[in-house]
Amino acid sequence: MKFDEVREHFPIFKKLDAEGIVYLDSASTTQKPFEVINAVTDFYENHCSNVHRGVYRLGEEATEMFNHSRENIGKFIGAKDREIVFVRNTTEALNLLSYSLGSTLKEGDEIILSNSEHHSNIVPWQMLRERKKVRLKFVNSRHDRPISPEDLSPLISSNTKIVSLTECSNILGNINDIRPISKIAHDAGAVMIVDGAQSVPHMPVNVKDMDCDFLAFSGHKMLGPSGIGCLYGKEEALEELPPFMGGGEMIRTVTKENFSCEDIPIKFEAGTPNIEGAIGFSAAVDFLRNLGMSSVRNHEKELIAYTLKKEEESNIEDLISYGTRNIEKRAGIYAFNIGEIPKFDKEHISSENVSVKIHAIHPHDLSSLADRTYGVELRSGHHCAMPMTEDLGVSATTRASYYVYNTREDVDKLFEAIKASIRRFGF
Amino acid sequence: MTGDDYINSEILDEHFRTPRNFGRITGHDVEIIETNPTCGDTIVLDMKFKGDILVDIKYITRGCSISTAAASILSENLMGKTREEIEHTTKEDVLANIGLKLGPARERCALISYDAVQKGIKNHFKRK
């Protein structure tokens, strides 16, 4: 499949193209190709049954389809099927780790995170801190360059038990090279966890190459259905981990007194799983594999390079953007502001109408205007990355994010929309 | 109302650029800081009462045009009203006064000042 044919596979673009809508929020969630939609409806229409239970034909079909999905998604990241735990999403995967792995920690143990993490890789660890009195340390990296091993080293101590970092920031688009970071973590005897929500969908990712212990990612951010995601864990790491939720499926035996767990990965999958979600996710993986992940990465690299070039050429006064400008380390994510509205400071409450004074357009206004003027759909706010937004010194940013179906014309429209919004605000 | 009303709304524009009752009250009876969790926008709202009557209301917003304009319109509408009248003001009233059809995310921008007022009323009269 070539990139100019990609859009034809997404039924929604018939409607969006007719209405002149440009979807630039794929870091939030992606559109779905008919291959994924058909896989889900095919399950409902032809194979609907529970898994791991019925010995009748339909039950066996459903189980085979579900197991195949696990194996297929595992192969996509270089993992065995036993190493793939189905969860709802990246958030649930990281919560699973904060409970199960977290239960093995003791007071004074340290966890290293970064200031560019999504809230899903911060809050579960803060909740763990409440329970276990562990310490959280943050790599405070600058917005304009990825996290480097040198940023991590000074934070490592004999108490470091977990390093949990994103492979790609959802607000900056900076791509962090995990392999050397994993090495530092492992040399210190710590577990390496990777938030792959923004990397697995957009670039070749291989768990063996990056040598992480755990990797979390979501189906809906890579053309699959929502409500299905994966936690990859090294076989031996998963085997050592205590279970997460209890219930059906995850047990081997239950007596009135006790229970024993099923083998991995089912040990972590209590209750009936999202069967059709897993099947749709697997179809999404097939679609991406067919495109080739290197080609996906190159397509997005070209779009972000074009965006940065357009930005320079456009000479828009007060346009400030964030993230590294080294496109080799930059994903298809473009966060920016038209004038920076400073973050709110409770200690120094200014009695001025700041936006008007500094001629800034608030991201909420900008994204509403971009939608109303050019049909350009952007995300605005803190993008679930409040610590980085705060470190940028702003109250919010506007973000465009690209995927396989976006084109240079979409980028052109983004800049038209920005200019139209500024004309409308007309300070 | 169509979507175009948002970009063409003179009321919104006027209240955003020259918001009424913008600022702080020295010697306020109640101060509320309210944040919109979807975007981190913040309002600091001060109120002063004489008995049951709201005799002064001022605010500082750090947010979008809608949150500032909505606070401005609300402050004009509530000034001089009684506690009971303010308590009986509904979200629908506030949105109707802004006169724009807003999606759920922008509705939160429009209602941040309303939420602050209601919280302020509760705090102030609970203490009494």
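How many residues does the contact take from chain A and from chain B? In this predicted model, chain A gives 23 residues to the contact and chain B gives 24 residues. On the chain A side, four elements each supply at least two residues: helix 13 (354-358), helix 14 (363-374), strand 14 (379-381) and helix 15 (386-391). Helix 14 of chain A accounts for the largest share of the side that touches chain B, with six residues. Sorted by class, the side of chain A that touches chain B has eleven polar, eight nonpolar and four charged residues.

Attention now turns to the layout of chain A itself. Chain A is divided into domain 1, made of residues 3-29 and 292-425, and domain 2, made of residues 36-290. Taken over C-alpha atoms, the centres of these two domains of chain A are separated by 28 Å. The contact between them draws 29 residues from domain 1 of chain A and 25 residues from domain 2 of chain A. On the domain 1 side, at least two residues each come from helix 12 (293-314), strand 12 (333-338), helix 15 and strand 15 (397-401) of chain A. The largest share of that side is supplied by helix 12 of chain A, with six residues. By class, the side of domain 1 of chain A that touches domain 2 holds 15 nonpolar, seven polar and seven charged residues.

In chain A, four strands form an open sheet in the order 11-12-15-14, with antiparallel pairing. Strand 11 (319-321) and strand 14 of chain A each have a single partner strand and stand at the edges, so one side of each is left without a neighbour in the sheet. On average, and with direction ignored, neighbouring strands of this sheet are turned by 30 degrees against each other. Within the sheet, strand 12 and strand 15 of chain A run antiparallel and are joined by four bridges. A:Tyr334 has A:Ala400, in strand 15 of chain A, as its bridge partner.

Helix 14 of chain A packs on this sheet, where it touches strand 12, strand 14 and strand 15 of chain A. The direction of helix 14 makes about 165 degrees with that of strand 14 of chain A.

How values were computed
Residues are numbered from 1 along each chain as its sequence is written. Chains are lettered from A and ligands numbered from 1 in the order in which they are written. This is a predicted model: local features need pLDDT of at least 70, side-chain atom pairs count only at pLDDT 80 or more; totals for chains, interfaces and linings use all residues. Two residues are in contact if their C-beta atoms, placed from the backbone, lie within 7 Å. Ala, Val, Leu, Ile, Met, Phe, Trp, Tyr, Cys and Pro count as nonpolar, Asp, Glu, Lys and Arg as charged, and the others, Gly among them, as polar. Domain bounds come from an automatic or database domain assignment. Two strands pair if DSSP finds at least two bridges between them. Axes are lines fitted to C-alpha atoms, for helices over the stretch in contact, and angles run from 0 to 180 degrees between N-to-C directions.
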